[in-house]
Structures are given as C-alpha cells and as structure tokens.
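Visitor: Please take one residue of this chain and look at it closely. Then follow the chain onward to the parts that go with it.

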Amino acid sequence: MTEYRITHKNGDQYPVRNIYCVGRNYAGHARELENPLLKEPVFFQKGLTCLTTEDRIKLPSDRTIHHEIELVILISRPGEGITADNAMDHIGGFALGLDLTDRKLQNELKEGKLPWFLSKSFKNSAVVSTFFQPDMGNWSEMFWLKINGNVVQKGQMDDMEFDIPFLIEFLSSRIPLLEGDIVFTGTPEGVGTVEKGDVLELGLGESVLKTVRFR
Ligand code: MG
C-alpha cells in the first residue's frame with residue numbers, strides 16, 4: 001500500500017492519516033466569495049490520496065482550478081477534547097500548503113446544497129511544503145503566494161477569525177485527532193485561477209518554503 005508522508009525539517013517522516021481543512025477563516029476571503037462569516041469554524045476534508053509534496057504537479061484538464069495558500073498544521077500527538085491551552089502540545093509542525101479547488105464545481109455543488117467533496121479532492125489538490133518547528137513567533141510573519149513572480153495572496157496568522165489553538169480545541173471536541181493528521185487552516189483573500197506552465201512560490205517573511213511548477 002502506498003503511504004502518504006510528509007517530511008519534517010528535523011528529518012522525521014510522518015505518514016499522514018487525515019487531511020482536514022477550515023473554510024472562511026479570513027474575513028477578506030469570505031467576502032470575495034460572497035460568503036457570510038460563521039459563528040463557529042467550518043471544517044471539511046480532502047481525500048488522503050490528494051496529498052503531494054512534489055515540485056512539479058499535473059493539473060486536471062478542462063477545469064477551473066483556484067489556488068488557496070494556507071498555513072498547515074501537523075498533529076504529532078493524538079488527542080480528543082484538547083483545550084486551546086494545551087493545543088500546542090499536540091502540534092509538531094507548521095508548513096505552507098495549497099488547498100487547490102475546482103471552483104466551478106464547488107459553486108455548482110454549493111448551489112445544489114450538496115457536499116463539496118469532489119471539488120476539493122482531486123489528485124494533487126493538497127500541496128504541502130516541508131514542515132518546520134511550530135514557532136508562533138516566526139509563523140506570525142506574513143505568508144504569501146507568488147505566481148510567475150507576482151504576489152497574488154498574502155495573509156497573517158493574526159488575521160484568522162479562529163486562531164490555531166481554538167481550531168484544535170473545536171475540532172478535537174467533535175472527533176479524535178490522530179498522529180499524522182494535518183489541518184489546512186484557511187486562506188486569505190486573493191484566490192484565483194492557476195494555469196499549466198505557472199510557477200508558484202509559497203513564502204513566509206523573506207523565505208520561499210516551496211516552489212511548484214504546474215503542468
Ligand atoms: Mg481552503
């Protein structure tokens with residue numbers, strides 16, 4: 001069986017179990033998609049086989065694929081009913097990732113009041129960088145996405161509607177978290193289409209954490 005793994009900067013490798021994602025966690029992005037903000041965080045999942053750490057990624061043909069850059073959390077210690085105060089004890093890494101989305105299909109499914117699963121789950125739709133130590137200081141810097149050299153999205157942890165400790169408290173109050181689960185924590189405004197041939201750089205502060213070429 002194929003294992004889907006992410007790599008930690010310290011050399012550890014984690015088999016990933018589940019990919020959770022948060023929707024509408026930045027006010028600017030909720031506005032651009034004309035979605036109301038929510039009183040509680042909304043979660044969805046991507047299929048495990050969507051995960052990729054590759055630098056050259058094949059996009060599905062004939063679809064409108066949007067980029068969503070996000071901070072991604074690695075759960076390194078399982079738990080349920082985790083409190084916000086203890087959340088950082090369960091987080092072993094932070095990364096940047098892309099929650100690639102088939103926006104046209106998502107809009108059709110939303111209009112039909114149907115689950116958006118297939119618009120979020122297609123091969124290579126969950127892109128992640130290497131995972132780094134979860135230092136809240138370093139990671140409060142601006143993160144950004146460049147396409148072909150131009151910044152198209154930027155955001156900061158401080159702009160989240162629901163912060164990371166609260167997201168972990170909320171999610172683990174509903175379902176047990178496993179070691180190797182990863183959580184995409186929502187995207188700031190500026191989502192848009194990606195095309196074959198585009199080069200995407202995912203950065204934090206002055207550093208590029210991942211470069212991806214689409215084909
Ligand atoms: Mg997203």
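**A loop residue and what follows**

Guide: Asp-62 is exposed, with a relative accessible area of 83%; exposed means over 50%, buried means under 20%, and partly exposed is in between, using a 1.4 Å probe and protein chains only. This is a predicted model, in which local features need pLDDT of at least 70 and side-chain atom pairs count only at pLDDT 80 or more, while totals for chains, interfaces and linings use all residues. Residues are numbered from 1 along each chain as its sequence is written, and side-chain values use heavy atoms, with hydrogens and water left out.

Asp-62 sits in the loop between strand E6 (56-57) and strand E7. Helices (H or I, at least four residues) and strands (E, at least two) are DSSP runs, numbered from the N terminus. The phi angle of Asp-62 is near 55°, which is positive in a residue other than glycine. Asn-124 also has a positive phi without being glycine, near 70°. Its loop runs between helix H3 (117-120) and strand E11 (126-128). Asn-124, however, counts as buried, at 14% relative accessible area.

Strand E7 holds Ile-65, which is buried at 1% relative accessibility. Contact here means heavy atoms within 4.5 Å. Asn-10 is another matter: 55 residues from Ile-65 in sequence, it lies 33 Å away in space, C-alpha to C-alpha.

Next comes the metal. Which residues coordinate the magnesium ion? They are Glu-68 (OE), Glu-70 (OE) and Asp-99 (OD), at 2.0 to 2.1 Å. Donors are N, O and S atoms within 2.8 Å of the metal (3.2 Å for Na, K and Ca), and water is not among the atoms, so sites may look incomplete. Along the sequence, the donor residues follow the spacing E-x1-E-x28-D. Glu-68 belongs to the loop between strand E7 (65-67) and strand E8, and Asp-99 to strand E9, so this pair ties together parts 31 residues apart in sequence. Both Glu-68 and Asp-99 are buried.

Strand E8 also contains Leu-74. Leu-74 is buried, with 0% relative accessible area. Its contacts, apart from neighbours within four places in sequence, include Ile-6, His-8, Tyr-14, Phe-131 and Ile-182. Leu-74 and Glu-32, 42 residues apart in sequence, are 28 Å apart from C-alpha to C-alpha.

Now the core. A nonpolar core is a set of buried Ala, Val, Leu, Ile, Met, Phe, Trp, Tyr and Cys residues joined through side-chain atoms within 4.5 Å. The largest one has 39 residues, and Leu-96, Leu-98 and Phe-214 touch the most other members. Among the elements that each supply at least two of its residues are strand E8 (69-75), strand E9 (91-99), helix H4 (164-174) and strand E17 (207-214). Apart from this core lies another, of 16 residues, including Ile-6 and Ala-95.

Not counting residues up to four places away in sequence, Phe-214 touches Ile-57, Leu-59, Leu-98 and Leu-200, among others. Arg-213 is in strand E17 and counts as partly exposed, at 41% relative accessibility. Beyond its neighbours within four places in sequence, Arg-213 is in contact with Asp-55, Arg-56, Ile-57, Asp-198 and Val-199. Between the C-alpha atoms of Arg-213 and Leu-200, 13 residues apart along the chain, the separation is 6.4 Å.

Last, the cavity. On a 1 Å grid over the protein atoms alone, a cavity is a set of points where a 1.4 Å probe fits but cannot get out, and lining residues have an atom within 4 Å of a point. Points are joined across faces, edges and corners, and a volume is the space filled by probe spheres set on them. This rule gives one cavity of 30 Å³ or more, and the largest cavity has a volume of about 130 Å³. Of its 16 lining residues, Gly-23, Arg-24, His-29, Gln-106 and Trp-116 lie nearest its centre. The largest share of the lining, three residues, comes from helix H2.

Notes: On a 1 Å grid over the protein atoms alone, a cavity is a set of points where a 1.4 Å probe fits but cannot get out, and a pocket is an open set with protein on both sides within 12 Å along at least five of seven lines; lining residues have an atom within 4 Å of a point.
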